[in-house]
Amino acid sequence: MADRTPNEPGDGDGIRTLPFPVDLSVGGVGIQVGPLGTERLWHADDPLERVHRIDFHVVMLFTDGPVRHMIDFAEYEARAGDLLWIRPGQVHRFSRTCEYRGTVLTMQPGFLPRAIVEATGLYRYDLPPLLRPGAAQLAAVQASLANLQREYEDAETLPLSLHTSVLRHSLTAFLLRLAHLAASSAEAARRQADTTFTLFRDAVEKDFATNHSVSGYADALGYSRRTLVRAVRSATGETPKGFIDKRVVLEAKRLLAHTDLPIGRVGAAIGFPDAANFSKFFQLHTGQTPVAFRAELR
């Protein structure tokens, strides 16, 4: 099975999701590699400083900084030698004031086979987007990315089918290095090693819109509530309820920021059929009403 794109809301909900710009790729292949600059666009009519959502993978390797970049409503500051890894479905925004310098890789879902997708952790949304390699790791990543860029730009010496195959192999080598870098952090290694937390995390990602109950997840996974509490606290430092609520709040923010759905329908979409209960929940966790949060971003 090929790489996949996360389920997206229907076309009528107003979320501005930018597709992979195939027309900008050399030879129309499913990746792009090139210089990163303030003038770069995914699409001509969509300035990057606007908050937007993407349906493709983005990796940025910076040669200058600092650069501030918003991903899923969290601000990250990247310096020279840092990488930002943004996955399909995540909302993000480029800074209006910072200059972006370095190399950017974009990849269309479906370009790599499933085995490589799993090995490289392309959909590990629990891992932090900001990566800070050591000197040796950075040198290896830079060399791998430079090789991938050379292969990408060489569209003359091979037929398109072979060119695409070579790109897949070069991209796999780069992503395997990136995945190792991500997994080598203490936080990532701790989370990855905890099977109980991993199963809980995946279940929440699948069912957060309909299930907000810690006991419900514990029963479904076959764990006691106490076991689940220990595993989640060890992996994240928070309670299972806090983890669930954080995911629900994130989705609420996405819908409020990027759709014109009425407040009641936003609440219903994440498991609050009563609009008043949704408003109380949102204000408790953010300090703002849904109406105020939306107005602040418009």
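1. Leu 84 has Leu 130 as its bridge partner in β10. The model is predicted. Strand β10 covers residues 130-131 and is joined to β7 by 2 bridges. The two strands run antiparallel.

2. On its other pairing, β7 meets strand β4, residues 57-62. Here 4 bridges join the strands, again in antiparallel fashion. Val 58 stands opposite Ile 86 of β7.

3. Strand β7 itself spans residues 83-86. Leu 83 and Trp 85 point one way, Leu 84 and Ile 86 the other. In a regular strand the side chains alternate between the two faces of the sheet. Both pairs in β7 are buried.

4. Helix α8 runs over residues 240-258, 19 residues in total. From first C-alpha to last it reaches 27 Å, close to the 27 Å expected at 1.5 Å a residue.

5. Glu 251 lies in α8. Is this residue buried or exposed? Glu 251 is buried, because its relative accessible area of 11% falls under the 20% cut-off.

6. The side chain of Glu 251 makes a polar contact of 3.1 Å with that of Arg 247. An α-helix has 3.6 residues a turn, so residues three or four places apart point the same way. Leaving aside residues up to four places away in sequence, Glu 251 touches Arg 53, Phe 208 and Ile 270.

Definitions and conventions
Residues numbered from 1 in each chain as written. Predicted model: local features only at pLDDT ≥ 70, side-chain atom pairs only at ≥ 80, totals over all residues. Heavy atoms only, no water. Expected span 1.5 Å × (residues − 1). Buried < 20%, exposed > 50% of the residue type's maximum accessible area, 1.4 Å probe, protein only. Pairing = 2+ DSSP bridges. Polar contact = N/O pair within 3.5 Å; in protein donor to acceptor, adjacent residues only side chain to side chain. Contact = heavy atoms within 4.5 Å.
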